[in-house]
Structures are given as structure tokens and as C-alpha cells.
Amino acid sequence: MLAKIEHDGILEIRLDRPPANALNHGLVQALRAAIEQAPKSGAKAIVISGSPGMYSGGLDVPELLGHDRATMNLFWGDFFDLLRSIALSPVPVAAAITGHSPAGGAVLAIFCDHRVAAEGKFKIGLNEVQVGLPVPRVILAALIRLIGHRQAERLAVRGMLVSPEEALAAGLVDQVVAPDAVIPTAMAWCREVMKLPPAAMAITRGTLRGDFKKLFDDLSEGTREEMTAVWFSEEPQKTLKALVEQLAARKK
């Protein structure tokens, strides 16, 4: 589900779960483990990349709809732990957004230090509301941190999916480049950061990202239970099952 590619001190962790790099429980756990292991293995920076045209399609809804409450509770716990690992990584993390990045794909990116998106007819954004799910508070806090309250409200309340250029204008991504330049550009950003005096950079970065630690420290056990309860409530179950049926019909 993951490919790990070493680039002179930078570890590229490439999502490799065709066709959409959808986030199921196994991929969430594998990605978290890879991110946490990277600095221990000598990586000075991390790039999370995707497939050409597809960064991640978000949660694997068809698979997750088959889980019972206990399993979904575990999933949400591991998902929030993954976000914590990205946000609090001791080394910088860049998102190489190689294509479409709705919902969970966009969520991964907003917890990174830097985001490079592919230009083209791709969509990125937090469209959870469109499928009947509220955006969890910790994710909203990270979104507000990144793009400000007004833009976060505009995008999240309507569940908007926007073009790379619109995402750049809103501050949701930092750079938009040609598709074949996305990963090299993310690598170049990492190399520039790695040229800085390492202790000074790490201390300053750690101080500035310290608010993430408080966000996740304040994330109670009740949050994942709350998300599980919402997941199994009538509105999202009805909307998500209809979405799965639509996707299945398109494949016929």
C-alpha cells in the first residue's frame, strides 16, 4: 500500500493503493508507522506523494461501511494518531499532491509543513459535509490555522472542492506546478529547509508547531466515540450508501 523511496536524506512515502489510494485501516496504520520510523532511520525530511492524477480519494467508504462500531472506533483513533504523527513529526513533511485530493486526502495535506499541488482539472478540499459528515474539531482547527477562519468557514461549511489554483488563492496549498514537477518541487522545498542550521531550524519549527501538540493533547477519547456515533447515524449512513451505489453503477 506504500512505496518508500530514499532521496539523499529525504524519504518519499508514496501512497500506492490503486485505484484511488483510499484510506482504509491498513493504509492509515502503515502510513503512520512509516512517518514515525523515517526520522529514526535517518531521514531529515519526508515527502508524502500519490499516484499520477490521484493523491488520495479520502476514506475508503465502501470498506469502512462494513465495519461494526468497535472497529470504527479503533479506526478513528488510528486516523487521529496518523494526523498527530504528521503534525508533530520531528522532521519537516511536504505533501506532493499529485492529483485529486478530496476529504481525507486534503486532511493529510493540511497537517504537513508544505503543500505542492498539480495543476490541471483536479479537485481538492474538505467535502465531508457533502456526504453527511461533520468535520472533526481538530481538523477544523488545523484548517483555520492554515487558511484563516473566514476561508475555513467558506470552504468547510459548504464542503467545497476547488481547483488547484483556487486552493492556492485560499492558502490551502503553497505551490501549483505541472504534474510531472510536483514531486521534484516538494523535494526541492525539503532540500532548502535541510540547508538551514539544523538545531535552529528544528527548535523554531517545533515552537511554531507546538499548538498542534496542544490540539492533539486536548483530543479526548470521546472524540473518536463521537465520530463513530455520527458515522452510524441516519444521515451519513444514507448519504454514504447512496454514494457507494453511484460509484458501483459507474463501473458497470
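In this predicted model, the side chains of R32 and E36 come together in a salt bridge, 2.9 Å from N to O. The term stands for a side-chain nitrogen of Lys or Arg within 4 Å of a carboxyl oxygen of Asp or Glu. Both R32 and E36 sit in helix 1 (residues 25-40), four residues apart, or about one turn of the helix. Helices here are DSSP runs of H or I with at least four residues, strands are runs of E with at least two, and both are numbered from the N terminus. R32 is partly exposed at a relative accessible area of 27%, and E36 is partly exposed too, at 34%. On this scale buried means under 20% relative accessible area, exposed means over 50%, and partly exposed is what lies in between (1.4 Å probe, protein chains only).

A word on the ground rules: residues are numbered from 1 along each chain as its sequence is written, and side-chain values use heavy atoms, with hydrogens and water left out. As this is a predicted model, local features need pLDDT of at least 70 and side-chain atom pairs count only at pLDDT 80 or more, while totals for chains, interfaces and linings use all residues.

Across the whole structure, the search turns up 14 salt bridges. One of them joins D217 and R84, at 3.0 Å from N to O. D217 belongs to helix 10 (residues 210-217) and R84 to helix 3, so this pair ties together parts that are 133 residues apart in sequence. D217 is partly exposed, with a relative accessible area of 42%, and R84 is partly exposed at 26%. D217 also meets K213 in a salt bridge, here at 2.7 Å from N to O. K213 and D217 are four residues apart in helix 10, about one helical turn, and K213 is partly exposed at 44%. Elsewhere, R17, D60 and E63 are linked in a network of salt bridges.

Next come the aromatic rings, which form eight pairs in the structure. Rings of Phe, Tyr and Trp (its six-membered ring) pair if their centres lie within 6.5 Å; planes under 30 degrees apart are stacked, over 60 edge-to-face, and the rest tilted. W76 and F79 make an edge-to-face pair, with 6.1 Å between centres and 80° between planes. These two are three residues apart in helix 3 (residues 69-87), or about one helical turn. W76 is buried at 3% relative accessibility, and F79 is buried at 3% as well. Both belong to one aromatic cluster, made up of F75, W76, F79, F80 and W231.

As for the strands, six of them form an open sheet in the order 1-2-3-5-7-9, with mixed pairing. Strand 1 (2-7) and strand 9 (175-177) are at the edges with a single partner strand each, so one side of each has no neighbour in the sheet. Strands count as paired if DSSP finds at least two bridges between them. Strand 1 and strand 2 (residues 10-15) run antiparallel over six bridges, and H7 stands opposite I10 in strand 2.

Finally, the cysteines: there are zero disulfides, a disulfide being a pair of cysteine sulfur atoms within 2.5 Å. The sulfur of C112 has its closest cysteine sulfur in C190, 9.7 Å away, which is too far for a bond. C112 is buried at 3% relative accessibility, and C190 is buried at 0%.
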